[in-house]
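Please read these points with the structure open beside you.

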Amino acid sequence: MTPTKIKFLTIIALFILCVSPFIADKASANTTNTSIEKKQKASAPNDEQAEEDEEDEEDPTTDDEEEEDATGQNAEADIDDEEIIVNTKDGKEEIFEVPEGMIIDLEKTMSEYNNKQYLTIDTTCNLRDVNPIFEQEVYLDRLKRLPTAMEMPWNEVVQRFIDRYSGRLRKSVSYMLGASNFYMPIFEQALEVYGLPLELKYLPVIESALNPNAVSRVGATGLWQFMAATGKRYGLKLNSMIDERRDPVKASYAAAHYLSDLYSIFEDWNLVIAAYNAGPANIQKAIQRAGGIKDYWQIYPYLPTETRGYVPAFIAANYIMNYYCEHNICPMLTTLPTQSDTIMLYQNVHFEQVANVLGISIEELRSLNPQYRRDVVTGYTEPTDLRLPMEYIAQYIANEDSILAYNVDQLMKRDMVEVNDNAPAYRSTRKAGTTSKKGKSSKKSTKQKRSRGSRTVSIKSGDTLEKIAKRHGTTVAKLRKLNKISGSNIRAGKKLKVR
């Protein structure tokens, strides 16, 4: 090595020592290429690795270039998007199912009205779309610095979930950072009401990827992924017309209530999160099998496969939603929607009625009211609220009669229908004198022809005109007309014409 290069490297080293207290995090990211190459090329022969280390010493720019070229995929060798593989200490592979929110169809999510209208890619962000590599101590320090009431420990499983978010799912993280401006204030308010740790607001990140219309493989629905039975237990309406699991506000308060109840059972937040995923019964079983130990990391082997990765995924979500910038992830830009308010309705109203009379987009109505499954607000069943942009509230009140009357016959169910009782009289088309297959003549006497269309029955004890009409496929009105009855009184034993 030439004296000039030695002098240059000495100056660089002194500079780093002087400014290291202010750029500790950055310095950790820009560790020497020796450690990076050991991670990326662990299979390379020792002599080749030594040669590369020498080259790095001679060129002080190599270290930064290697970091910038990292894609984040070197730590993610997994092929299946629904699984994460971790090598255990004894060299075995352990497979984890990832939560539903980590199997996001980003293209479909971005087609939602709110996302199309209010989220855009930040074209001014000058961060390179690469995922830097950091030492283990950096992740440990960052997790330790998170201002959380819940513990955020590091281990290899947590690291693999961090790698998945910062690598393969970085575009999804960009979307969620933008969408968080819509939903995080709602989550925080609900959690505050129940006195819960605010870091629980990141549960919907791993549950639904902040998609209020998300539906899992087993039918869990909404931002907080409530199953039907649990949602109903916590006051969410669910029927053919309405599904309040999709309502961001009501579902958030129901989730906070549920989490509060789980904490009263387990008194450990890791177990609470695990129970939110697997159900309290499964966690109780795992605790019993582990000898009564109430520690998530100790009952770990007895948990369902997905739940083993659920708490690590939650820790990783907390990490990436706070340290996204360190991984060169640019949040999508958010234009907050105009203010909205609710109006109480006492009649059934179709979205199309509101949209056409007030001139508002039906897609916007759906985005503001995702709980209504068939575009109908069922105010007649019970008073129900409709959320509208603030500027449309007064217009709705002023035009309510016109809205209720608009195209009502085509859009709404009928309240009453008339039965067509003018049934046609069917007659045989067989000509007189023809014979059947058995050789019998089909010619009937005039008396038989006349009697074919009439029938008389005896009135039994307990019979009413309604019962007789139902029994013989006719109506009360017809029975009265045939038998010249003005009222409803009939006597057992008497004859009654039914046709």
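1. Basis. This is a predicted model, in which local features need pLDDT of at least 70 and side-chain atom pairs count only at pLDDT 80 or more, while totals for chains, interfaces and linings use all residues. Residues are numbered from 1 along each chain as its sequence is written, and side-chain values use heavy atoms, with hydrogens and water left out.

2. Helix H8. Helices (H or I, at least four residues) and strands (E, at least two) are DSSP runs, numbered from the N terminus. In H8, residues 136-145, the buried residues are Val138, Tyr139, Arg142 and Leu143; buried means under 20% relative accessible area, exposed over 50%, and partly exposed in between (1.4 Å probe, protein chains only). These four lie on the same side of H8 because they cover an arc of only 125 degrees around the axis, taken from the directions from the helix axis to the C-beta atoms. Glu137 and Lys144, on the other side of H8, are exposed.

3. Nonpolar cores. A nonpolar core is a set of buried Ala, Val, Leu, Ile, Met, Phe, Trp, Tyr and Cys residues joined through side-chain atoms within 4.5 Å. The largest has 85 residues, and Tyr165, Leu200, Leu203, Trp224, Tyr276 and Ile283 touch the most other members. Helix H10 (residues 170-193) gives the most to this core, with 11 residues. Another core, of 18 residues, lies apart from it and includes Ile343, Leu345, Phe351 and Leu388.

4. Largest pocket. A pocket is an open set of points on a 1 Å grid over the protein atoms alone, where a 1.4 Å probe fits, with protein on both sides within 12 Å along at least five of seven lines; lining residues have an atom within 4 Å of a point. The largest pocket is lined by 43 residues, of which Asn114, Pro248, Ser367, Leu368 and Arg387 lie nearest its centre. Among the elements that give two or more residues to this lining are helix H7 (113-118), helix H13 (248-266) and strand S8 (384-389). H10 gives the most to the lining, with 7 residues.

5. Positive phi. Which residues deserve a check here? Leu210 has a phi near 60 degrees, a positive value in a residue other than glycine. Leu210 is in the loop between helix H11 (203-208) and helix H12 (228-233), and counts as buried because its relative accessibility is 0%. Asn407 has a phi near 50 degrees, also positive. Asn407 sits in the loop between helix H22 (400-405) and helix H23 (408-411), and counts as partly exposed at 30% relative accessibility.
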